[in-house]
There are 2 protein chains.
Amino acid sequence: MADINARTELKVTTGPIRGSRKIHVGEHRVAMREIDLEPSSGEPPLRVYDCSGPYTDPNATIDIMAGLPELRRDWIRSRGDVEEVAQREVRPEDNGQLGPDRSGGVQPFPNVRKTVLRARPGANVTQMHYARKGIITPEMEYVAIRENLGREQLREHIRDGQDFGAAIPDYVTPEFVRDEIARGRAIIPNNINHPESEPMAIGRNFLVKINANIGNSAVASDVASEVDKMVWAIRWGADTVMDLSTGRNIHDTREWILRNSPVPIGTVPIYQALEKVGGIAEDLTWDIFRDTLIEQAEQGVDYFTIHAGVRLPYVPMTAKRVTGIVSRGGSIMAKWCLAHHKESFLYERFDEICEIMKAYDIAFSLGDGLRPGSIADANDEAQFAELATLGELTQIAWKHDCQVMIEGPGHVPMHKIKANMDKQLEACGEAPFYTLGPLTTDIAPGYDHITSAIGAAMIGWFGTAMLCYVTPKEHLGLPDRDDVKVGVVTYKLAAHAADLAKGHPAAKLRDDALSRARFEFRWRDQFNLSLDPDTAEQYHDQTLPAEGAKTAHFCSMCGPKFCSMKITQEVRDFAAKQNQSADAFLEADKPVPSDVEAGMAEMSEKFREKGGELYLPAAGK
Amino acid sequence: MADINARTELKVTTGPIRGSRKIHVGEHRVAMREIDLEPSSGEPPLRVYDCSGPYTDPNATIDIMAGLPELRRDWIRSRGDVEEVAQREVRPEDNGQLGPDRSGGVQPFPNVRKTVLRARPGANVTQMHYARKGIITPEMEYVAIRENLGREQLREHIRDGQDFGAAIPDYVTPEFVRDEIARGRAIIPNNINHPESEPMAIGRNFLVKINANIGNSAVASDVASEVDKMVWAIRWGADTVMDLSTGRNIHDTREWILRNSPVPIGTVPIYQALEKVGGIAEDLTWDIFRDTLIEQAEQGVDYFTIHAGVRLPYVPMTAKRVTGIVSRGGSIMAKWCLAHHKESFLYERFDEICEIMKAYDIAFSLGDGLRPGSIADANDEAQFAELATLGELTQIAWKHDCQVMIEGPGHVPMHKIKANMDKQLEACGEAPFYTLGPLTTDIAPGYDHITSAIGAAMIGWFGTAMLCYVTPKEHLGLPDRDDVKVGVVTYKLAAHAADLAKGHPAAKLRDDALSRARFEFRWRDQFNLSLDPDTAEQYHDQTLPAEGAKTAHFCSMCGPKFCSMKITQEVRDFAAKQNQSADAFLEADKPVPSDVEAGMAEMSEKFREKGGELYLPAAGK
């Protein structure tokens with residue numbers, strides 16, 4: 001790591017992920033990684049999905065002060081439906097009015113654009129709009145190549161999984177991507193003002209994605225560490241990142257993050273709007289909120305969480321809950337509704353919001369402001385009332401050809417998870433579901449990445465398209481760098497477990513490659529094929545630090561004398577020495593012992609003749 | 001911690017678990033813990049299940065050199081069916097013949113018994129035997145009290161869960177325990193030579209239990225740290241502990257562990273038998289194995305893993321697997337069968353093994369020697385062939401009134417987990433299932449406590465009675481003390497998630513108490529109610545270390561200015577100020593906004609009149 005020179009005052013981690021090689025596939029140079037295996041394996045490199053951007057490419061020049069290259073610049077402009085306009089002037093309140101400056105002395109992003117893009121009057125620049133017109137965009141082509149991974153290598157793939165009605169193709173074509181987006185079953189969140197992003201799809205017929213939350217709060221954190229966390233999160237596999245900053249420097253923090261992010265960035269605009277009114281929810285107005293949407297749209301935010309489903313009549317439904325309203329955005333809107341005793345302006349102005357979204361291609365992430373914050377409140381009236389409204393709003397957004405995903409809970413015991421997925425699919429017309437966990441118990445603060453990974457893996461299997469990570473600090477404090485990594489890797493494994501269970505054609509390739517490496521004591525291959533090679537190797541070295549132990553045909557669990565893996569090799573060798581196929585060997589042994597006393601004695605004799613002591617010498621492979 | 005004086009040269013952790021108080025309930029003084037909540041909560045103490053033994057009791061005297069008091073001594077002797085016999089002499093080979101002494105200089109356990117107990121000739125001392133004769137033992141009574149926890153406190157419990165055919169009672173009576181044991185649906189593993197143990201039940205109509213594995217290997221570890229790990233594992237919630245030691249000092253290590261363990265101890269006797277023949281599997285004989293069973297039975301091992309289902313004809317079925325045979329015991333027996341080309345002596349001598357088990361009341365843990373070691377091998381022919389044999393052996397054991405549980409996989413993708421449970425219930429007549437994980441993907445070494453907690457929670461929900469923990473070091477090295485804790489807490493939360501989903505009457509009490517504490521900013525209650533109060537508090541303090549922050553009505557995520565929990569309180573206060581019940585409040589708001597413009601204006605007016613700015617002052621509670 002850190003072997004790429006980066007011209008920056010902000011420190012980020014660069015350099016290849018251990019054991020893998022950055023590759024670029026096809027004319028769009030779709031970024032992926034390949035993991036080379038030991039020559040002794042006789043196996044081709046394994047291709048894996050890669051979210052880490054240029055930071056892991058030894059051939060890239062990283063300049064945090066300038067931002068990433070604009071991959072999509074020409075694609076966006078060549079469609080002829082955008083115009084350049086002067087960027088809205090940054091105002092003091094955009095960076096917060098309250099509290100001390102905790103930016104750590106980092107200046108505003110130096111390379112701010114003077115002009116930004118928006119749709120020409122009357123134009124609609126959403127991927128859904130293009131898709132519905134039958135246009136296959138370069139973004140869709142990029143996604144198709146990206147999602148296929150090593151599927152070409154699969155010769156005789158036998159689909160093994162339970163997909164609960166998903167329609168995962170054997171091979172992803174650009175036309176398939178277009179069709180999924182046109183139907184609203186998938187989205188490609190990519191604001192025309194975030195041309196640095198590498199297109200990715202969120203939908204249940206694609207690989208399950210994960211999101212990592214970062215962001216300042218009024219109490220802690222600073223800009224430099226948030227940029228570092230973003231780069232760190234995508235290194236370990238975050239498909240999108242949400243900047244949930246509150247307090248000071250919200251605008252500047254976001255600019256640094258966007259200009260340096262190859263993954264879509266999501267925000268909750270009401271957070272910033274609230275800062276602009278000094279934190280008093282009831283002082284929020286449509287004008288302030290609208291202005292915030294424009295501000296963030298011009299910066300390039302790819303999806304907005306909009307809590308338009310928190311309607312006035314639903315607020316009292318939360319009064320009997322154990323934990324009431326736990327969504328920040330949800331409670332802001334609930335307070336506003338209550339104070340004014342009026343319907344939410346987000347709900348009433350939803351068409352106007354759609355007009356903004358489609359002028360930049362910002363995807364909706366319809367917020368679950370009334371999600372349960374405890375096992376006790378799961379699947380209650382308030383939650384499902386809001387979900388029904390989100391379904392209604394989805395239809396409105398789709399009329400505008402706006403891309404939509406739906407946010408989901410939260411805290412849900414295992415037996416109530418499936419109902420969430422089923423109701424979401426029904427209420428929201430198969431729009432992608434994007435859930436936080438859910439946590440399957442409330443009693444393990446400090447371990448909520450795990451309580452929630454259980455729920456996340458399950459709901460991912462059932463059809464959720466993106467899983468919002470939870471870190472070990474959930475409910476207790478702001479995650480630091482280490483927490484971000486643990487959260488990302490935990491969610492990556494949960495998403496992968498879901499892909500496996502859904503029967504995703506490419507998923508099992510990696511499990512099988514790693515298991516073969518494990519069986520054959522190719523320790524380095526085992527580390528390199530894992531989601532976190534550094535930790536795997538470090539754990540191994542804690543008990544067997546010697547360099548030789550990495551090539552040894554044993555491990556610290558059983559030691560060199562006895563090893564079950566070795567014995568299995570003997571079973572195979574025995575079969576091979578009989579000069580039989582495994583099938584024939586198996587056949588020969590099929591009769592139950594009582595029938596084959598004579599045959600057994602003969603086999604035993606053969607074993608002794610040909611093998612004797614069959615332990616393979618450690619260097620024998 | 002460490003505030004109890006312990007006379008010992010081995011260091012173990014003693015003292016109360018933070019925030020909880022040891023209590024002893026009823027005439028049998030059943031050990032539990034109670035967590036006292038802040039007086040402001042107005043809530044009674046929460047009673048929780050406790051595996052930690054006298055080590056967390058400030059009134060207990062801990063003497064590792066002498067061992068624990070013999071809780072069950074009189075119960076066992078008063079039944080009049082045991083006799084005292086001289087203990088089998090310890091032989092040099094019992095402590096291993098090979099490799100250097102890695103005991104760390106710890107002497108043999110100083111307080112070794114001269115005589116041990118066994119059933120009088122013709123007698124059967126198993127709990128199943130008593131149960132089938134209609135006898136309710138003190139052990140069953142102990143279990144009944146222990147399992148009930150706070151169920152008495154539940155006034156109007158509405159069962160909420162999906163139990164897949166389990167028969168969880170609202171209240172556990174001693175007669176219920178007896179009946180479950182008589183039917184073979186539950187076991188109480190408690191060797192008559194381990195009178196130190198606190199009785200506990202493993203069965204799908206009881207709380208889901210977890211096991212922690214510890215033990216020396218030939219490469220690393222020492223006796224002192226294994227005793228420490230045992231005490232540490234039960235502190236965090238291990239219901240049973242398996243001593244999987246190999247290499248040197250196996251006999252002495254086990255003696256130290258047993259004499260100091262209040263939880264049942266399990267072993268895999270073939271491991272020690274293998275050491276006795278110098279690690280050469282084909283040199284194993286029935287006599288050596290039988291002698292090892294007696295040796296361990298006399299020491300007090302509570303359950304034995306016996307891989308009697310690894311039959312000769314099944315061995316070739318593993319030749320085509322990606323990871324072959326990964327069970328140590330399974331591969332030992334496979335090698336033996338292959339070398340001799342004979343049926344397994346464990347299978348052929350199963351009746352004789354039963355005779356030994358019932359003379360001491362050792363429970364069978366019928367080993368899954370052919371469990372899958374990778375996603376690729378899950379649910380294959382070899383695995384299910386063995387399972388069918390385990391079912392056959394269960395019936396034989398039950399004829400002897402021997403207690404039985406069945407071990408299960410392993411590595412299984414989510415969509416294949418349920419089939420494991422269903423087949424086990426059918427093949428093994430509802431004998432308790434005891435699974436390792438299963439791991440739901442192979443690609444995350446270093447995080448396999450999590451890949452497996454996903455599978456463990458699910459299979460626990462489906463009906464598995466005990467979950468064998470997996471630590472972060474799985475596949476990479478031997479777990480240290482920290483790994484043991486992470487493994488135990490992870491499995492405790494998975495087991496609890498399973499209890500919740502099954503609808504166990506007492507499970508949700510703890511989630512609800514913690515969630516109420518969270519909502520009301522009772523930080524200390526939130527820490528104390530969690531599975532790991534130390535980590536929860538430490539994480540909180542990383543961002544807000546000041547003492548005042550533990551009583552503050554905010555947290556570091558949102559800061560003091562804005563808090564969604566506070567807003568919910570305002571919703572409630574608003575309802576209360578209307579002098580209405582929540583229901584009436586809800587009713588008043590039910591009409592959709594368009595119908596009630598006038599009513600809304602009125603409500604809004606009331607809100608302003610009675611509340612104005614409703615933020616509660618931080619000290620206001």
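Reply: Here are some labels, each with its cut-offs.

This is a predicted model, where local features need pLDDT of at least 70, side-chain atom pairs count only at pLDDT 80 or more, and totals for chains, interfaces and linings use all residues. Residues are numbered from 1 along each chain as its sequence is written, chains are lettered from A and ligands numbered from 1 in the order in which they are written, and side-chain values use heavy atoms, without hydrogens and water.

Me: Why is A281(A) called buried?

Reply: Its relative accessibility is 2%. Buried means under 20% relative accessible area, exposed over 50%, partly exposed in between (1.4 Å probe, protein chains only). So A281(A) counts as buried.

Me: What does A281(A) touch, leaving out residues up to four places away in sequence?

Reply: L274(A), I332(A), K335(A) and W336(A). Contact means heavy atoms within 4.5 Å. I332(A) is 51 residues from A281(A) in sequence, yet their C-alpha atoms are 5.6 Å apart.

Me: What makes α15(A) oblique to α14(B)?

Reply: Helix α15 (residues 481–502) of chain A and helix α14 (residues 448–462) of chain B pack at about 45°. Angles under 35 degrees count as roughly parallel, over 145 as roughly antiparallel, 65 to 115 as roughly perpendicular and the rest as oblique. The pair therefore counts as oblique.

Me: Which residues make that contact?

Reply: T490(A), L493(A) and A494(A) come from α15(A), and I450(B), T451(B) and I454(B) from α14(B). They divide into 4 nonpolar, 2 polar and no charged.

Key. Axes are lines fitted to C-alpha atoms, for helices over the stretch in contact, and angles run from 0 to 180 degrees between N-to-C directions. Helices (H or I, at least four residues) and strands (E, at least two) are DSSP runs, numbered from the N terminus. Ala, Val, Leu, Ile, Met, Phe, Trp, Tyr, Cys and Pro count as nonpolar, Asp, Glu, Lys and Arg as charged, and the others, Gly among them, as polar.
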